[in-house]
Amino acid sequence: MSQAAETDVTRAKPGPGRILAELRAERKLSITDVAQRLKYGARQIEALEAEEFDRLPGATFVRGMVRGYAKLLETDPEPILGALDQRYIPGEVDLDLRDHGIPFAKSGKRGTRTYTVLLAIVLIVLAGVLYEWHTGAPPWARLGSSTPAPAQKQVRPEPAPVPAPPREEPKLQVAPPVAASDPEPAVAAPVPAPQQAPTPEASAGGEGRLRLEFSGQSWVEIRDKDGKMLMSQLNPVGSRRVVSGRTPLSLVIGNAANVRLTYNDKPIDLKPYIQIEVARLTLN
């Protein structure tokens, strides 16, 4: 098969850009999604899928893009790289500088004269150095010997300071210690007893009647005088409950800020009893 026929067969096969574009469409990904995941520009992804390789930096860069794109689409990158090698042929590098308008010297006479002058200067300097060395001292040694040494300044010794006579420190008179009297025992201040919130009197017969209204979910437990559980349940938002029992009644109310309590038809303020959203109180 001739080379032209092989080229036609290669062009008939889908290129690497088309393969990647079809796989991307099957996975329902947009060019913007691919660009964000691979950290490339959207125009670079478009150029790769359009197989406009001259818009991309170079062959190494293109191969890296194809490999990363294939891994993102979870497919084997080797067949796509093979298709890339058949399609993408990087342009040859032109090293002929004459086509770029770089000037070159038309004759070497001026350059030869310059090199001759420089060589003569170097030979003269080298001959001078050898002559000075032969006479016994290098030039830099003579320059150093001809420079006069700086005059040393005469420093006069300063007289030693005369020590001042020691001062007599005044003697302190220490008063005799005074015997400390026995400390009086501290008297503890009386601690006032906690005040109980006033509660309405129970109805005749030692029975108490509770009414609870819930503006939020709340877990409530109510026990009577004998410890019998009258109520223990989670109450939904907007519900109402009425409980009666022998006093005193012990209450534990969760999420008490969202509960309205009435005892024997009189409202009870739960705020003084709330600790960490739970109110604990006893009603007589």
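Predicted model: local features only at pLDDT ≥ 70, side-chain atom pairs only at ≥ 80, totals over all residues.
**Entry 1: overall make-up**

I began with the secondary structure and found 8 helices and 9 strands in the protein. I then looked up burial, and of the 284 residues 23% count as buried. For the accessible surface I noted about 22800 Å², with 56% of that area belonging to carbon and sulfur atoms. Turning to contacts with a separation of 6 or more, I recorded that residues 24 or more positions apart account for 56% of them.

**Entry 2: the nonpolar cores**

Which residues have the most contacts inside the largest nonpolar core? I looked through its 20 residues and wrote down Ile-45, Leu-48, Leu-56, Val-62, Val-66 and Tyr-69. The elements that give two or more residues to this core are helix 2 (16-26), helix 3, helix 4 (42-49), helix 5 and helix 6 (77-87), and the largest share, 5 residues, comes from helix 5. Apart from this core I found another, of 19 residues, which has Leu-210, Val-220, Ile-253 and Ala-279 among its members.

**Entry 3: helix 4 and what covers it**

I next asked which residues of helix 4 are buried. They are Ile-45, Ala-47, Leu-48 and Glu-49, and the cover over the buried residues of this helix includes helix 2, helix 3 and helix 5.

**Entry 4: two helix contacts**

For helix 3 (residues 31-38) and helix 5 (residues 59-72), I read that the axes come within 11 Å and cross at roughly 110°. The two helices are therefore roughly perpendicular to each other, since angles of 65 to 115 degrees count as such. The residues that meet are Val-34, Arg-37 and Leu-38 from helix 3 and Gly-68, Tyr-69 and Leu-72 from helix 5. Sorted by class, this contact has 4 nonpolar, 1 polar and 1 charged residues.

For helix 2 and helix 6, I read that the axes come within 8 Å and cross at roughly 145°. Here Pro-16, Ile-19 and Leu-20 in helix 2 meet Ile-80, Ala-83, Leu-84 and Arg-87 in helix 6. This contact divides into 6 nonpolar residues, no polar ones and 1 charged.

Most residues other than glycine have a negative phi, and most peptide bonds are trans, so I searched for exceptions.

Lys-39, in the loop between helix 3 and helix 4, has a positive phi near 65° and is not a glycine. I also looked up its accessibility, and at 71% relative accessible area Lys-39 counts as exposed.

Asn-264 lies in the loop between strand 6 (259-263) and strand 7 (266-268), and it too is a residue other than glycine with a positive phi, of about 55°. Is Asn-264 buried or exposed? Its relative accessible area is 17%, so Asn-264 is buried, the cut-off being under 20%.

For the peptide bonds, I noted that the one from Thr-247 to Pro-248 is cis, with omega near 0°. Pro-248 itself is in the loop between strand 4 (240-246) and strand 5 (249-254).

**Entry 5: two strand residues**

Arg-211 sits in strand 1 (residues 207-214) and is partly exposed, with a relative accessible area of 28%. Leaving aside neighbours within four places in sequence, I listed its contacts as Arg-240, Arg-241, Val-242, Arg-260, Leu-261 and Thr-262. I also looked up the C-alpha separation of Arg-211 and Lys-266, which is 9.5 Å for residues that are 55 apart along the chain.

Leu-230 is in strand 3 (residues 229-235) and also counts as partly exposed, at 28% relative accessibility. What does Leu-230 touch, not counting residues up to four places away in sequence? I found Ile-222, Arg-223, Asp-224, Val-243, Ser-244, Gly-245 and Leu-249. One of these, Gly-245, is 15 residues from Leu-230 along the chain, and their C-alpha atoms are separated by 7.4 Å.

Conventions
Residues numbered from 1 in each chain as written. Heavy atoms only, no water. Axes fitted to C-alpha atoms, helices over the stretch in contact; angles between N-to-C directions. Helix = DSSP H or I, 4+ residues; strand = E, 2+ residues; numbered from the N terminus. Parallel < 35°, antiparallel > 145°, perpendicular 65-115°, else oblique. Contact = heavy atoms within 4.5 Å. Nonpolar A, V, L, I, M, F, W, Y, C, P; charged D, E, K, R; others polar. Buried < 20%, exposed > 50% of the residue type's maximum accessible area, 1.4 Å probe, protein only. Areas by Shrake-Rupley, 256 points an atom, 1.4 Å probe, with all protein chains shown as cover. Core = buried A, V, L, I, M, F, W, Y, C linked by side-chain atoms within 4.5 Å.
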